[in-house]
Amino acid sequence: MNLNEITVSALTQLGRSSDAANISECRIRFSLYANQAQQELADAIGFYRTDTVPADGGVITLSSLPRVCVKVLRVVQQGHCVPFGSGDNSDRILLPYNSPALITYRCQPKKLMRSSDECELDQGVQGLIVTYVVGRERLVGDVNSQRGGNIYLSMFENAKAQLRIQRGAEDSYRIINKF
């Protein structure tokens, strides 16, 4: 779902027309709300990605990753998971081999700025972004609209709480026999 689709869906749920003038009027506000929702969902589900980076001398600089690294979850070198340690500062990790590494790490999703920017979260949670945008927009209106906004934000929070229950780190519940 891209930012334009989020905006159109939110306008439809708000009972407003989704013509070009109305979309451009709401775009800045809705992109702010959508990015806040995306960030909250990413924190709740533990958004991560996997990238390959070279390990010069067995050292990887985390700033060389395409996204800002929040936490390194797993490192694979030569086809298997390897232990890693932190270097002399928090921007480096030390690896046992001098070969490219496949790093799985927690990061922040890319901000939605342009109307064609796609949300990187799973398809199943992208509808919650629209719910959050509608809730935030309703909070700006009169008292009756604000009550409706609270309902939408409650739905968002309840769904987010359920995501935490249903999603977890794969390694935390998987038993691997290494012998």
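Visitor: Leaving aside its neighbours within four places in sequence, which residues is leucine 163 in contact with?
Guide: Leucine 163 is in contact with Leu41, Ile45, Val125 and Leu128. Contact here means heavy atoms within 4.5 Å. Keep in mind that this is a predicted model, where local features need pLDDT of at least 70 and side-chain atom pairs count only at pLDDT 80 or more, while totals for chains, interfaces and linings use all residues. Residues are numbered from 1 along each chain as its sequence is written, and side-chain values use heavy atoms, with hydrogens and water left out.

Visitor: OK, and where does leucine 163 sit?
Guide: In helix H4. Helices (H or I, at least four residues) and strands (E, at least two) are DSSP runs, numbered from the N terminus.

Visitor: Is leucine 163 buried or exposed?
Guide: Buried, with a relative accessible area of 12%. The cut-offs are under 20% for buried, over 50% for exposed, and partly exposed in between, using a 1.4 Å probe and protein chains only.

Visitor: How many residues lie between leucine 163 and leucine 41, in terms of how far apart they are in sequence?
Guide: They are 122 residues apart in sequence, and 8.6 Å apart in space, C-alpha to C-alpha.

Visitor: Let's talk about the core. Which residues touch the most other members in the largest one?
Guide: Ile103, Leu121 and Ile129, out of 43 residues in the largest nonpolar core. Such a core is a set of buried Ala, Val, Leu, Ile, Met, Phe, Trp, Tyr and Cys residues joined through side-chain atoms within 4.5 Å.

Visitor: Which element gives the largest share of this core?
Guide: H2, with nine residues. At least two residues each come from helix H1 (3-13), H2, strand S3 (69-77), strand S7 (101-107), H3 and H4.

Visitor: And what is leucine 121 in contact with, beyond its neighbours within four places in sequence?
Guide: Gln38, Leu41, Ala42, Ile45, Phe47, Gln126 and Ile129.

Visitor: Back to H2. Where is its kink centred?
Guide: On arginine 27; the kink in helix H2 (residues 20-45) is about 50°. That bend is the angle between axes fitted to the seven residues ending at a residue and the seven starting there. Just after H2, glycine 46 has a positive phi of about 75°.

Visitor: Switching to charges: how many salt bridges does the structure hold?
Guide: Seven. A salt bridge is a side-chain nitrogen of Lys or Arg within 4 Å of a carboxyl oxygen of Asp or Glu. One of them joins arginine 29 and glutamate 137, at 2.9 Å from N to O. Arginine 29 lies in helix H2 and glutamate 137 in helix H3 (residues 123-138), so the pair ties together parts that are 108 residues apart in sequence.

Visitor: Are those two buried or exposed?
Guide: Arginine 29 is partly exposed at 29% relative accessibility, and glutamate 137 is buried at 7%. Arg16, Arg29 and Glu137 are also linked in a network of salt bridges.

Visitor: What about glutamate 157 and lysine 160?
Guide: Their side chains meet in a salt bridge of 3.3 Å, N to O. They are three residues apart in helix H4 (residues 143-166), so about one helical turn separates them.

Visitor: Last topic, the sheet. What is the strand order?
Guide: S2-S6-S5, an open sheet of three strands with antiparallel pairing. The edge strands, S2 (59-61) and S5 (85-86), each pair on one side only. Two strands count as paired if DSSP finds at least two bridges between them.
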